Amino acid sequence: MLRVTEIFRSVQGESTHAGRPCTFVRLTGCPMRCVWCDSEYTFTGGEHVSIDDVMAQVQSLGCHLVEVTGGEPLAQKEGFRLVNRLCESGFEVLVETGGYISTEELDQRASVILDVKCPASAEASRNHWPNLDRLRSDKDEVKFVVVDRGDWEFAKEVIARYELQIRAKAVLISPAWGQVDLKELAEWISSSGLNIRMQLQLHKYIWGAEVRGV
Ligand code: SF4
């Protein structure tokens, strides 16, 4: 059984897949406590749902693209089995992970959107660095949520150290909602000389930051 916070259909709000129709399976629970976390409601509660029932709900929503997210979707062992079942059924699967848990056992058909936690999250010490060595340049993306100049400098250092511009399909720089001057961040990114991508959380611009299940 999985502990599930919500399953819903929307448009993908992040990554190079932004704008695509997508079903989200949001699993409950996370071992991290990023200070700017926008999904604290996933830390507790949720319903126990069998993988078969999750699959049935995903099938009924009719999207080719499915994202397994959280919380931390890999914190539940069954999360790995769900990803496997979704891949077996022919869905295009994205796994959005906070970067604390190893992706080694993840189904190779799934694409990973891997967070690297920056200092202002207060969880940078828990990054599982071997996950960066497993990134595949044809499908995996890496994301830095940036709060301030210190986070930006940290992101640049990690991008260089792990050669992320060639190791990952995309390097995403995402401002923490409401905490960053977007024009200033755009200037840092555009003048960096790096092959990276500024991303805004599309769903929050459409529905607002507090609305769930969209
Ligand atoms: S890893 Fe994600 S869900 Fe967990 S605390 Fe950080 S932002 Fe929130």
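A: A polar contact is a pair of N or O atoms within 3.5 Å; within protein, one must be able to donate a hydrogen and the other to accept it, and residues adjacent in sequence count only if both atoms are side-chain atoms. The model considered here is predicted: local features need pLDDT of at least 70, side-chain atom pairs count only at pLDDT 80 or more, and totals for chains, interfaces and linings use all residues. Residues are numbered from 1 along each chain as its sequence is written, and side-chain values use heavy atoms, with hydrogens and water left out.

Q: With which side chain does the side chain of Gln199 make a polar contact?

A: The partner is the side chain of Glu14, at 2.6 Å. A polar atom of the Gln199 side chain also lies 2.6 Å from the backbone nitrogen of Ser15. Gln199 is placed in the loop between strand 9 and helix 7 (helices, H or I, have at least four residues and strands, E, at least two; both are DSSP runs numbered from the N terminus).

Q: Is Gln199 buried or exposed?

A: Buried means under 20% relative accessible area, exposed over 50%, and partly exposed in between (1.4 Å probe, protein chains only). Gln199 counts as buried because its relative accessibility is 5%. Neighbours within four places in sequence aside, Gln199 is in contact (heavy atoms within 4.5 Å) with Glu14, Ser15, Lys143, Leu172, Ile173, Ser174 and Pro175.

Q: Which residues touch the most other members of the largest nonpolar core?

A: Such a core is a set of buried Ala, Val, Leu, Ile, Met, Phe, Trp, Tyr and Cys residues joined through side-chain atoms within 4.5 Å. The largest one has 49 residues, and Phe144, Leu164 and Ile173 touch the most other members. Beyond four places in sequence, the residues that Ile173 touches include Phe144, Val146, Trp152, Leu185 and Met198. Another core, of nine residues, lies apart from it; among its members are Cys30, Trp36, Cys37 and Ala176.

Q: Which residues form a nonpolar patch on the surface?

A: In such a patch, residues have over 30% relative accessible area and no salt bridge, and nonpolar side chains (Val, Leu, Ile, Met, Phe, Trp, Tyr) are joined within 5 Å, whereas like charges are joined within 9 Å. A salt bridge is a side-chain nitrogen of Lys or Arg within 4 Å of a carboxyl oxygen of Asp or Glu. Here Trp177, Leu182, Leu200 and Tyr205 form the patch, with about 360 Å² of accessible area together (Shrake-Rupley method, 1.4 Å probe; for residues, only the protein chains shown count as cover).

Q: Where do Leu200 and Trp177 lie?

A: Leu200 lies in the loop between strand 9 (197-198) and helix 7 (202-207), and is partly exposed because its relative accessible area is 37%. Trp177 belongs to the loop between strand 8 (170-175) and helix 6 (182-190). At 36% relative accessibility, Trp177 is partly exposed too. Trp177 touches Gln201, Lys204, Tyr205 and Ala209, residues up to four places away in sequence not being counted.

Q: What phi does Glu163 have?

A: Glu163 has a positive phi of about 50°, although it is not a glycine. Its loop runs between helix 4 (149-161) and helix 5 (164-167). Tyr162 is found in the loop between helix 4 and helix 5. Tyr162 is buried at 13% relative accessibility, whereas Glu163 is partly exposed at 47%.

Q: Which residues are joined by a cis peptide bond?

A: Gly70 and Gly71 are joined in this way, with omega about 15°. Gly71 lies in the loop between strand 4 (65-69) and helix 2 (77-88).
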